[in-house]
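Hi,

Here is the structure I promised to pass on. My notes follow below it, and I hope they are handy when you open the file.

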Amino acid sequence: MTDSATPRKWERFTPAQRLARFGVFLSMAVLLAVSMRTVSVIPEFLWDAPTQMADLFRRMWPPDTASYAENVHDALVETMNIAGMGTMLALVMALPVGVMGASNIVRVPALNWLSKLILVSSRSVNTLVWAILFVAVFGPGALAGTVAIGFRSVGFCGKLLSEALEECDKGPIEALRAAGAPWPSIFLKGYWPQIAPAFWGITLFRWDINVRESAVIGLVGAGGIGVALDTALNLFRWQQVALILLCIFAVVIAAEVLVTKIRQRII
Amino acid sequence: MSAHAAKRPFRPNWGARAGWVLLGIYCLYAVGTLEITWPRFLIGLDNGARFLSEMVPPNFQRWKLLLEGLFETMQIAVIASAFGVALSLPIGLAAARNLMPAWATWPARAVIAVCRSFHPVIFAILFVKAVGFGPLAGILTLIFASIGFIGKLFAEAIEEISLKPVEACRAAGAPFMSLLLYAVLPQVLNRFIGFATYQFDANMRNSTMVGIVGAGGIGGTLFSAFQRFDYDILAAILLSIIALIMCSEYVATRVKAVFND
């Protein structure tokens with residue numbers, strides 16, 4: 001019809017797509033505006049913040065290195081143990097739940113949904129909140145922290161594990177099944193070699209996160225360096241706080257370097 | 001007979017077995033330090049049963065307080081995500097080693113490393129001391145947490161781009177801003193939006209937590225309910241947090257879907 005008179009106009013997006021994008025941006029702006037208008041912030045406190053921070057750092061300097069041996073070292077070791085054992089506990093719980101959630105292994109939609117529900121509720125509750133719950137159950141101490149770290153990590157590990165299982169190549173599984181292999185052999189020789197790199201990657205990644213988290217769960221009484229931090233904060237011993245923060249920083253950086261090195265070796 | 005017949009199909013891997021044994025020994029040692037004893041376990045089960053029985057049924061009678069807390073949590077998450085993403089863009093760009101000189105990448109990387117290595121709760125404690133109790137401390141905390149997390153992802157995304165369009169723009173004499181706008185941004189925009197929606201989600205989760213140390217939001221209500229042993233209110237708060245996070249996860253998926261086609 002009008003092929004030569006009016007050149008055809010090409011557009012990257014359809015009007016509906018453009019409308020959707022505009023809608024998203026508009027609602028973001030409205031949300032931000034509403035939040036900014038209604039949030040109860042006292043602006044004087046914000047302007048005062050740099051002075052207060054400078055004061056805080058002046059009180060923190062120099063770090064109280066003398067107290068390392070008596071109340072920081074043991075707490076740091078306990079923190080690492082909480083992180084390690086929490087990760088192990090999470091893996092032990094994540095394996096069955098992850099297998100249950102993989103729709104190519106367990107072909108019962110109800111079980112898949114149950115697994116998804118467990119994983120989502122584990123992830124929705126923060127480590128600190130899990131720690132509060134388990135301090136109420138087990139009493140203050142490293143046990144509550146370990147179980148809290150474990151319960152929070154299940155959601156993370158289980159989700160990634162069931163995704164890795166769902167991406168498995170069917171070839172080796174069918175070969176094993178055709179050869180009459182029993183179920184444990186199918187899992188061990190068919191699925192495990194395929195998910196092993198992902199499994200170790202997930203483990204290391206989560207351990208790295210858990211080292212960070214186990215440093216703070218002590219604030220609600222769940223053991224580790226956080227208890228020492230909480231005590232020092234409540235007594236306004238800022239130089240000790242500075243030492244503990246430096247130690248946490250060093251441990252976290254060391255854990256990250258270690259994880260990076262191991263990942264390069266095994267994956 | 002030949003050696004092939006005797007060869008086992010699945011050869012044992014002694015290095016891996018040694019690793020498993022070491023892991024087992026470490027587990028025994030670490031469990032030993034946790035002081036898990038049978039009576040303590042029984043007491044724990046007893047406590048747990050009582051705890052759960054007090055949590056049911058959840059007590060939604062003080063729904064006004066609950067809604068106020070949830071609303072404040074949302075405010076913190078929205079404001080912190082907006083400012084956090086806006087600040088991470090330049091910092092992430094400055095940390096990208098393929099576009100920026102070393103004098104720009106090192107400070108930016110140091111900022112990201114410091115923001116990343118401290119848990120948000122530690123930032124929250126420091127900010128509560130600096131600006132007092134209330135949502136402002138939570139907002140500042142989550143802004144820093146966002147910089148640490150997505151600043152790093154932004155930098156990595158920019159480092160992975162194809163440099164051909166960048167070179168073409170440079171050869172045509174484009175100024176730096178045009179280079180960013182026409183050679184870099186189109187390659188990374190989709191991933192940026194993915195990170196930003198993820199960060200909104202993460203901020204929503206974290207803003208339920210910063211209240212525990214006094215930085216505003218539902219976490220404060222949660223912690224005081226816990227300290228007063230009002231476990232039925234605690235259950236109500238936990239349920240509403242889970243509901244809020246599921247909603248925000250759903251919204252984040254929808255927003256990503258809008259931008260991904």
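**The second largest pocket**

The second largest pocket holds about 1400 Å³ of space. A pocket here is an open set of points on a 1 Å grid over the protein atoms alone, where a 1.4 Å probe fits, with protein on both sides within 12 Å along at least five of seven lines; lining residues have an atom within 4 Å of a point. The volume is the space filled by probe spheres set on the points, which are joined across faces, edges and corners. It has 35 lining residues, and Trp200(A), Ala16(B), Gly19(B), Trp20(B) and Leu23(B) are the closest to its centre. Helix 9 of chain A gives the most to this lining, 11 residues (helices are DSSP runs of H or I, at least four residues, numbered from the N terminus).

This is a predicted model: local features need pLDDT of at least 70 and side-chain atom pairs pLDDT 80 or more, while totals for chains, interfaces and linings use all residues. Residues are numbered from 1 along each chain as its sequence is written, chains are lettered from A and ligands numbered from 1 in the order written, and side-chain values use heavy atoms, without hydrogens and water.

**Between the chains**

In chain B, 61 residues are in contact (heavy atoms within 4.5 Å) with 65 residues of chain A. There is 1 salt bridge between the two chains (a side-chain nitrogen of Lys or Arg within 4 Å of a carboxyl oxygen of Asp or Glu). Arg116(B) pairs with Glu256(A) in a salt bridge, their closest N and O atoms 2.7 Å apart.

Best wishes

Technical notes. Helices (H or I, at least four residues) and strands (E, at least two) are DSSP runs, numbered from the N terminus.
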